[in-house]
Amino acid sequence: MTWAANMAVGLGTGVPWVMCKEEDAPDPVINTCNGFYCDAFSPNKPYKPTIWTEAWSGWFNEFGGPLHQRPVQDLAFAVARFIQKGGSFVNYYMYHGGTNFGRTAGGPFITTSYDYDAPIDEYGLVRQPKYGHLKELHRSIKLCERALVSADPIVSSLGSFQQAHVYSSEAGDCAAFLSNYDTKSSARVTFNNMHYNLPPWSISILPDCRNVVFNTAKVGVQTAHMEMLPTNAEMLSWESYDEDISSLDDSSTFTTFGLLEQINVTRDASDYLWYITRIDIGSSESFLRGGELPTLILQTTGHAVHVFINGQLTGSAFGTREYRRFTHTEKVNLHAGTNTIALLSVAVGLPNVGGHFETWNTGILGPVALHGLDQGKWDLSWQRWTYKVGLKGEAMNLVSPNGISSVDWIQGSLAAQRQQPLTWHKTYFNAPEGDEPLALDMEGMGKGQVWINGQSIGRYWTAYANGNCQGCSYSGTYRPPKCQLGCGQPTQRWYHVPRSWLKPTQNLLVVFEELGGDPSRISLVQRSMTSVCADVFEYHPNIKNWHIESYGKTEELHRPKVHLRCGPGHSISSIKFASYGTPLGTCGSFQQGPCHAPDSYAIVEKRCIGRQRCAVTISNTNFAQDPCPNVLKRLTVEAVCAPITS
């Protein structure tokens, strides 16, 4: 660590250097914080700025695990907590997560999608309400700037879980952050002789120490519902080629005694490494005359293995990110004479995080043994093993437009009936119209890799998500197990296809399937915003109110509005729900409550139908009457977005 610091500083760049999560970083290197929360962090010297290098906006996904969501109310609360304490700088990890194309996903077991529940999603589209709520948070913090950079905060208690952090400058600037750390209850606090309501687990920002322009728990921006919709791109007929496992003895193999670590052999040139050995079975073995079949037991350090006995796939087994090593046991049907045991070990990404991860092993390090022979246990670990790096199809470059003609492909109708393991599939398709982001729907396939025009889209694996998807509250400390989605569904079904990789016609799609899937079910889909929702209270904090000195004169306050906006090329085609009053439910399942203004639908429809974006003011006058006096009301809308037809 000291060596790295001296090396960096010695370059003389004139730029300050940081080290994340390195408490003993030597001067002048600045130690910084990564995490879901960093308000408890202080750098190791008082003259170093307090820097949050990774504010985790969500979490990554692993094959076989659920999807992770971090509620934006909690993320905004975390950032406001950091700023109110005097934090200098926040950087989001991730603001846009994107895609691990090719074999770049690490972990191991991390999905090809690195969407991360980030404010800009994997496809480059804004994720609402996360994007919009953070934008309002930072506008509000920016309004406090002069006070924030003038002094340290003065902290006072407003209750058992409530505090005020006040910044003031000699020039008269004043900014306040009112916080409520109670995870269950709202709090009514008194600050500067005025009353403020703070929702649970939230901070209100007052850039003038009077007017609330933002509360971290009150989301005023729309929620957008995204869907994967079919495109007009047809996959032309599929053709297949079986990976050749009979020629595992060619010149690209080598033989040695014992079992070798996989990455040391492959040097990451391929995810695949064959371990092949031969055994002689005597004709007098009991199992050949109706006795119980022998058992093959193998231990591997990961990450997946396919067992072939005499050229036939007899079993497959997989680890997980938590348990990379595993033991696989299966009954094996051997014949008298020489038998070939070929184990295909598969890596699912290089290790890239964890203590001393350079010492982690991959591949079959044994023991590998046969049990249940007449002689008892036969340990094969120190036999002669033949090694072959990669697949025949990889060596022949079957994935590229130049390499596909090097083998004879079988017509699709025949291939579909067989669903063979270790099979290459190819087809052609034309690029769909429009500019919506595209993805391949791989739900009908098992596990493997996919290429378009010779470029790797990444690893795919229809592994079903195991987790606890029991709802999600924004309040309380966030950890990845907290807000899980997608249990019982494939962890990743859709694989991002950048439009820039496509030609107008004749795009080559090549799939390598390890287990046996149905390529005729693969389709190209597009990501579209199909509906938008908004749910805003009549006294929602409004950034336009912050400089109004005559506080309390309601006619001068800017009324909050519901803002709706469809994606590019789309407009609001219908209003699925509208209610000014006390509606119930959440986006997608709103219902009228006991109080409802009868004009709700008509007024929203008049403002919004046929437009890409619209705004509706939340006030009694706008809805012709007060549907329930002395009750806190809100306007709740769900609108359908559809392509604008010329």
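Visitor: Which strands does E1 join, and in which sense, parallel or antiparallel, do they run?

Guide: Strands of a sheet pair through backbone hydrogen bonds, in either a parallel or an antiparallel sense. In this predicted model, strand E1 (residues 18-20) is joined to E2 by 3 bridges, and the two run parallel. Cysteine 20 stands opposite threonine 32 in E2. E2 is also joined to E3 by 3 bridges, again with a parallel run. Asparagine 34 has glutamate 54 in E3 as its bridge partner.

Visitor: Where is a hairpin found, and how many residues does it pass through?

Guide: A hairpin of 2 residues joins E22 to E23. Strand E22 (residues 368-373) and strand E23 (residues 376-379) run antiparallel and are joined by 3 bridges. Alanine 369 has aspartate 379 in E23 as its bridge partner.

Visitor: Which residues have the most contacts inside the largest nonpolar core?

Guide: They are Trp52, Val79, Ile83, Tyr116, Leu137 and Ile205, in a core of 47 residues. Elements that each supply at least two residues of this core include strand E3 (51-56), helix H2 (72-84), helix H3 (130-143) and strand E11 (202-206). H2 gives the largest share, 9 residues. Leaving aside neighbours within four places in sequence, valine 79 is in contact with Trp52, Val90, Tyr92, Leu137, His138 and Ile141. Another core, of 26 residues, lies apart from this one, and Tyr275, Leu373, Trp378 and Trp385 are among its members.

Visitor: How many cavities of 30 Å³ or more does the structure hold?

Guide: Rolling a probe the size of a water molecule over the atoms shows where empty space is left. The structure holds 2 such cavities. The second largest cavity has about 50 Å³ of space. Its lining has 13 residues, of which Lys447, Gly448, Arg459, Tyr460 and Glu514 are the closest to its centre. Strand E28 (447-452) and strand E29 (455-461) each supply at least two residues of that lining. By class, the lining has 7 nonpolar, 2 polar and 4 charged residues.

Visitor: Which residues are the closest to the centre of the second largest pocket?

Guide: The second largest pocket has about 1,300 Å³ of space. Gln128, Val221, His563, Arg565 and Arg613 are the closest to its centre, out of 42 lining residues. Two or more lining residues come from each of H3, strand E33 (523-537), strand E34 (561-565) and strand E36 (613-617). H3 provides the largest share of the lining, 6 residues. The lining divides into 17 nonpolar, 14 polar and 11 charged residues.

Notes:
Residues are numbered from 1 along each chain as its sequence is written. This is a predicted model: local features need pLDDT of at least 70, side-chain atom pairs count only at pLDDT 80 or more; totals for chains, interfaces and linings use all residues. Side-chain values use heavy atoms; hydrogens and water are left out. On a 1 Å grid over the protein atoms alone, a cavity is a set of points where a 1.4 Å probe fits but cannot get out, and a pocket is an open set with protein on both sides within 12 Å along at least five of seven lines; lining residues have an atom within 4 Å of a point. Grid points are joined across faces, edges and corners, and a volume is the space filled by probe spheres set on the points. Helices (H or I, at least four residues) and strands (E, at least two) are DSSP runs, numbered from the N terminus. Ala, Val, Leu, Ile, Met, Phe, Trp, Tyr, Cys and Pro count as nonpolar, Asp, Glu, Lys and Arg as charged, and the others, Gly among them, as polar. A nonpolar core is a set of buried Ala, Val, Leu, Ile, Met, Phe, Trp, Tyr and Cys residues joined through side-chain atoms within 4.5 Å. Buried means under 20% relative accessible area, exposed over 50%, partly exposed in between (1.4 Å probe, protein chains only). Contact means heavy atoms within 4.5 Å. Two strands pair if DSSP finds at least two bridges between them.
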